[in-house]
Amino acid sequence: MSTKKSTASDTDILQKEDSSQLPLVKINFILMAIAALMIVLGFILISGGAPESADQFNPEVFSSRRIVVGPTITFLGFIFLGVGIMWPSGKKK
């Protein structure tokens, strides 16, 4: 069984990446977290309570909160997620 000794070139490969080389920085993750919260909020607004019995019709199904506001916030959250990913890091070379 042979063992390979570590050389300087091996340690260069294993060095940690510099934060300036990372594609996403702290602001990107903050924007993506806000977008995720918007998406969750939109789905919460879309959802609603069940009717009291299966034979009753619940007119709350057609409320503007469920068919306009919730889907709009969800859609804007998905758009904002793309913006958060594409947001420039501010470091120019």
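Here is a short walk through the structure above, from the overall fold to a few individual residues.

The model is a predicted one, so local features are described at pLDDT of at least 70 and side-chain atom pairs count only at pLDDT 80 or more, while totals for chains, interfaces and linings use all residues. Residues are numbered from 1 along each chain as its sequence is written, and side-chain values use heavy atoms, with hydrogens and water left out.

Let's start with the whole chain. The protein chain has 3 helices and 0 strands, and its elements run α-α-α from the N terminus on. Helices (H or I, at least four residues) and strands (E, at least two) are DSSP runs, numbered from the N terminus. Of the 93 residues, 15% count as buried; buried means under 20% relative accessible area, exposed over 50%, and partly exposed in between (1.4 Å probe, protein chains only). The accessible surface comes to about 7,800 Å², with 68% of that belonging to carbon and sulfur atoms; areas come from the Shrake-Rupley method with a 1.4 Å probe, and for residues, only the protein chains shown count as cover. Among contacts (heavy atoms within 4.5 Å) with a separation of 6 or more, residues 24 or more positions apart account for 71%.

Now follow helix α3, residues 64-86. Its 23 residues reach 32 Å from the first C-alpha to the last, close to the expected 33 Å, where the expected span is 1.5 Å times one less than the number of residues. Arg-66, Gly-70, Thr-74, Gly-77 and Gly-84 are buried in α3, and the buried residues of this helix pack against α2 (26-46).

Phe-80 counts as partly exposed because its relative accessibility is 26%. Not counting residues up to four places away in sequence, Phe-80 touches Leu-31, Ile-34, Ala-35 and Met-38. Leu-31 is 49 residues from Phe-80 along the chain, yet their C-alpha atoms are separated by 7.6 Å.

Arg-66 is buried yet has no salt bridge: the nearest side chain of opposite charge, Glu-60, is 5.5 Å away. A salt bridge needs a side-chain nitrogen of Lys or Arg within 4 Å of a carboxyl oxygen of Asp or Glu. Lys and Arg count as positive and Asp and Glu as negative, with His and the chain ends not counted. Leaving aside neighbours within four places in sequence, the contacts of Arg-66 include Leu-45, Ile-46, Glu-60 and Pro-71.
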